[in-house]
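Please look over the structure below before reading my notes.

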Amino acid sequence: MFPLVLPRKLWLLLPMLWCCQTSLAELKVRVRLEDGQITEESLQADSDRDCIYLEFRKADGTFITYLADFKQEVKIFRILILGELERGQSQFQGLCFITQLQSNEIIPSESMAKLRQKNPHTVRQAEEMRGTESLQMEVAVNFTKGIQLSSHLHNICSEAKEAIYTRQEDVRAWLKKGVDGSMFEILPQSNSLPVLHPCKLCSQDWKPCICSYRLSLEWIPCSLKYCKNRDSSGKTTSYKCGIRSCQKGYSFHFYVPQKQLCLWDEET
Ligand SMILES: *[C@@H]1O[C@H](CO)[C@@H](O)[C@H](O)[C@H]1NC(C)=O
């Protein structure tokens with residue numbers, strides 16, 4: 001049983017039905033987060049802009065957005081963390097991580113737009129566990145100029161203007177494509193002098209340190225499934241008949257000028 005089905009006939013019909021409607025489609029999927037809480041994941045596909053938004057809220061109020069921008073082959077993670085007012089933080093703190101989109105991470109936006117779900121109340125569990133990827137986000141991206149990387153950056157990262165990070169290997173790939181290098185600023189690294197420690201080992205709130213943020217996407221439609229069909233002449237043809245779902249974790253490591261900007265790193 002596929003947890004989600006692409007009705008065969010609809011699959012063929014929809015492109016015609018949709019010509020005069022909006023290209024936005026939303027799917028809401030119930031998932032269990034790592035802490036055991038159940039939340040609703042919203043998956044929005046925009047086939048005109050060729051992108052997919054995945055969003056959910058954690059029990060502590062943290063709001064996570066994952067955007068796959070197929071046009072510019074990048075993905076953006078935005079994390080909005082509720083601040084601790086009594087520790088002098090603002091109401092919420094935004095983080096943005098931008099990196100290259102790989103080809104097997106998520107299905108194309110036009111397939112996503114056609115996904116339908118049989119039992120919307122079922123709590124979904126991914127079929128494939130893809131582990132946790134560790135990302136060294138050693139470069140800051142200038143918010144104003146960063147629009148070159150993705151036309152969505154200004155919309156998504158407006159609450160994280162001072163906290164947009166990427167990796168050195170992404171920067172190298174983008175420079176080859178001809179993006180303006182002046183938008184990047186290499187940040188102090190863990191092996192630079194004076195030595196920077198992980199924030200959770202640092203006892204003073206005003207000291208710079210290397211902060212970590214870990215998140216997990218519990219349910220992503222990561223690839224298409226194909227079924228076979230035999231026609232009257234005996235010839236077999238294959239058609240898209242569903243999706244395969246994946247779970248994937250991301251662990252981001254990045255420089256902060258003060259430990260205060262990384263308070264969540266204490267408990268773990
Ligand atoms: C980002 O780029 C804009 C436009 O060039 C510039 O005005 C601004 O000072 C830059 N911001 C930082 C933090 O360097």
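The points below go from the whole protein to two of its residues.

1. This is a predicted model, and the comments should be read with that in mind. The protein has four helices and 15 strands. Of its 268 residues, 32% count as buried.

2. Consider next how far along the chain the contacts reach. Taking contacts between residues at least 6 apart in sequence, 67% join residues at least 24 apart.

3. T166 lies in strand 12, which covers residues 164-166. Is T166 buried or exposed? T166 counts as buried because 26 C-beta neighbours lie inside 10 Å, and the cut-off for buried is 20 or more.

4. Which residues does T166 touch, leaving aside those up to four places away in sequence? They are I98, T99, M137, V139, V141 and V171. For I98, the separation from T166 is 68 residues in sequence, yet the C-alpha to C-alpha distance is 5.3 Å.

5. K145 sits in a loop, between strand 11 (139-141) and helix 3 (153-156). K145 has 15 other C-beta atoms within 10 Å, so it is classed as partly exposed. That class lies between the limits of 12 or fewer for exposed and 20 or more for buried.

6. As for G181, it is 36 residues from K145 in sequence and 9.6 Å from it in space, C-alpha to C-alpha.

Methods: Residues are numbered from 1 along each chain as its sequence is written. This is a predicted model: local features need pLDDT of at least 70, side-chain atom pairs count only at pLDDT 80 or more; totals for chains, interfaces and linings use all residues. Helices (H or I, at least four residues) and strands (E, at least two) are DSSP runs, numbered from the N terminus. Two residues are in contact if their C-beta atoms, placed from the backbone, lie within 7 Å.
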